[in-house]
Structures are given as structure tokens and as C-alpha cells.
Amino acid sequence: MILIIIVIAGLLVIFSLNLPFFQKQLKGFFYFISSPIQKTLWRAGDKVSDFFEVIGEIRNLKRENEELKLKNQELVSQIAQLAELKKENEVLRDALGIGLEKEFKLVLAEVVSKDISQDSILINKGSKDGIRKNLPVIGQQKNLIGKIGEVYEKFSRVILISNKESSFDAQIPEKDISGVVEGKGNLQLFLDFVPQEKEIKEGDFIITASLGGIFPKGLLVGEIGKVLRSDVEPFQQAKIKPAFDIRELETVFIITDF
Amino acid sequence: MRKSLILIIFFYILALLQTSFLIHFSFSKIVPNLLLITVLILNILEEPRENNGIFGAVASGFFWDIFSDKFIGFHILILAGIAVLIKLILRNYLQPLIRRRF
């Protein structure tokens with residue numbers, strides 16, 4: 001009996017290794033029949049966890065509320081300043097004859113399932129909807145989420161920026177600091193290759209840089225968390241708090257043209 | 001046959017729970033892996049001569065592969081290997097030890 005099972009398992013491995021088409025079809029079929037159940041389970045899990053979260057967080061809510069109110073006031077004043085700058089920018093662009101940057105072409109997709117251990121999610125758009133490998137995936141606030149990995153007929157797997165295989169150029173626009181964002185797995189992100197003489201601090205915002213060409217310029221990656229500085233290392237590192245929360249992620253946009 | 005079918009359905013439901021419901025209940029960004037835990041418990045608690053645990057491991061590995069970005073067979077081999085190892089330890093070392101004592 002054991003031998004038979006091992007032989008079957010071995011055959012399956014050989015089968016799937018040699019026939020990626022078969023593997024895609026099989027996975028696509030299971031995603032198709034499972035997605036309605038997964039959606040229902042997803043919503044149920046969301047409700048249950050929200051309920052327990054509220055009970056657990058009731059003490060912190062007041063303090064957090066006050067902090068958010070303060071931050072909100074700060075942001076409102078920043079928006080006012082930026083609106084002023086935007087107007088000035090438009091006037092100058094008009095004067096110089098430069099057009100505004102064109103917006104991206106987006107495709108909306110719903111998240112079907114998530115795999116935290118592999119730092120990937122499954123979405124309900126595939127090759128039938130014009131999705132290709134390596135297309136950037138963003139959230140509703142134009143925050144970077146990842147890029148398309150495997151593409152099936154009606155589904156695609158998104159490799160999150162926190163995946164171990166993910167690495168791209170980024171910058172801190174306020175300070176003109178560039179570095180490389182590297183995924184470390186388990187939803188962890190690090191900013192690396194920042195020269196020691198540059199000063200980065202907690203709360204600095206990181207956006208994508210145009211170098212490398214995988215992602216469009218100016219997408220929000222996250223904000224700096226703990227800075228790891230060592231005198232013996234030529235570069236400093238910093239932990240990044242990603243701009244997306246995988247638990248809240250329900251819909252994403254795929255940039256098909258940029 | 002009936003037992004095998006029940007095991008397949010059971011592990012399919014577990015895989016669905018793992019990739020949707022359980023994501024909301026991570027402890028410091030770690031989600032407990034129901035499939036692995038169930039395979040371990042099933043193989044440890046089952047009568048060492050029975051083979052349902054190994055079959056369960058293959059079914060569990062298959063569904064784990066389906067919902068992950070690894071090729072089909074990756075988790076099947078890992079889980080089946082773990083199950084066979086548990087069975088071998090139970091059959092060859094623990095069972096004779098228990099028989100000798102009682």
C-alpha cells in the first residue's frame with residue numbers, strides 16, 4: 001500500500017514537472033470550483049476576526065483615535081499646501097508646453113485566496129483578461145502590492161513585494177535617497193544599499209524609482225520602520241512597513257500599460 | 001474506499017480554510033498550518049498498521065500544492081515522507097517497546 005502511494009506521488013511529480021500545461025489546467029480547474037467557497041469563507045473569517053479584534057483593541061482605540069485626529073489635521077494642512085503647488089505646477093507646465101503624465105491602464109481584480117507562507121495571493125483575472133507575467137499590481141491608493149507571477153486562464157498568482165524573490169529600486173523622495181527594496185518572506189520588507197552617510201528615519205515614505213523598469217515610478221511602497229545601522233557595514237538597512245495590509249486586501253488593480 | 005473519499009473531502013475543506021478563513025487569524029504574522037498539523041496528528045494517533053494516515057498525507061499535500069505556487073508533487077512528497085517516517089518509528093521502535101513493557 002505504502003509503495004503504491006509513493007509510486008503515485010512520484011508519478012505525479014514527474015507528470016507535473018514535464019507537463020506545465022497539465023499543471024496549469026488542473027490548478028485552474030480547482031481555483032474555478034473553489035473560488036465561490038473561498039470568497040464566502042473569506043468574508044466569514046473577516047467578520048469573526050473583526051469582532052475579536054474590536055474586543056481586544058478597545059483599550060487602545062481612544063489613544064489611537066486621538067493620534068489619528070492629530071495626524072489628520074497635519075495631513076489636511078499638507079493637502080492644502082500641495083493643492084497650491086499643484087496649481088502652480090499646472091501653470092508652469094502650461095507655460096513650458098509639457099503635458100501631464102498619462103494615467104495607467106488598469107484592470108480590476110478580486111482576491112480569491114492568500115498564501116502568507118509563500119507571500120502570494122490569487123486573483124480572479126487571467127490570460128483571458130489580457131493579464132501577462134510580471135505586470136505590476138497596485139492597491140486602491142496606488143500603493144504597490146506586487147507583480148503577476150503564474151498566469152492561468154481565469155486566475156493569476158500575484159507575487160507580493162515581500163516575497164523572497166522580490167527586489168526593486170526605490171527612493172525616499174523627500175531626501176533624495178535611493179536604495180533597493182528586498183522582500184524577506186513572511187510579509188517582511190527591507191530597504192537595503194543605503195549609504196551610511198545618508199540619514200533615514202522612522203516614518204519616511206518610500207516610493208518606487210524608475211530604475212529597473214519593473215514598476216512605474218512614484219508608487220507608494222511603505223514607510224520606514226526600524227533603521228538598522230552598523231559601523232562595520234558599508235550600507236545601512238531599514239525595515240519597511242508595507243503600505244498594504246494583506247488581511248484587508250480584497251480588490252487590486254493590475255497595471256496593463258505604463 | 002469510503003474512508004479515502006472522506007479523507008479527500010476533509011483535506012480539501014481544510015485547504016480552503018487555510019487559504020481563506022485562517023488568514024485572518026495570524027499570530028505575529030504566522031498562520032498555523034492546519035494541513036500539516038492534521039497530517040501529524042492523524043499519523044501519530046492512528047493504529048501503526050493502518051495506512052490511512054499516509055493516504056491523508058498525499059491528499060493533504062496535493063491540495064497544499066494546488067493552492068500554493070509550488071509544482072504539484074512538492075508538498076505531496078514532503079508530507080508523505082513525514083507520514084512514512086512517523087509510521088516507521090511507531091512500527092519499529094515504539095510498538096515493540098510498549099509490548100515489552102506491558
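## Contacts and surface

In chain A of this predicted model, 58% of the contacts (heavy atoms within 4.5 Å) between residues at least 6 apart in sequence join residues at least 24 apart. Of the 258 residues of chain A, 37% count as buried, a term that stands for under 20% relative accessible area, with exposed meaning over 50% and partly exposed lying in between (1.4 Å probe, protein chains only).

The accessible surface of chain A comes to about 15,600 Å², and 57% of that surface belongs to carbon and sulfur atoms; such areas come from the Shrake-Rupley method with a 1.4 Å probe, and for residues only the protein chains shown count as cover.

## Secondary structure

Chain A has 2 helices and 12 strands, where helices (H or I, at least four residues) and strands (E, at least two) are DSSP runs numbered from the N terminus. Read along the sequence, the pattern is α-α-β-β-β-β-β-β-β-β-β-β-β-β.

## Two residues with positive phi

Asp119(A), which is not a glycine, has a positive phi near 50°, and this residue lies in the loop between strand 1 (105-115) and strand 2 (120-123) of chain A. Asp119(A) is buried, its relative accessible area being 2%.

Asn134(A), also a residue other than glycine, has a positive phi of about 75° and sits in the loop between strand 2 and strand 3 (136-138) of chain A. With a relative accessible area of 41%, Asn134(A) is partly exposed.

## Basis of the values

Residues are numbered from 1 along each chain as its sequence is written, while chains are lettered from A and ligands numbered from 1 in the order in which they are written. Local features need pLDDT of at least 70 and side-chain atom pairs count only at pLDDT 80 or more, whereas totals for chains, interfaces and linings use all residues, and side-chain values use heavy atoms, with hydrogens and water left out.
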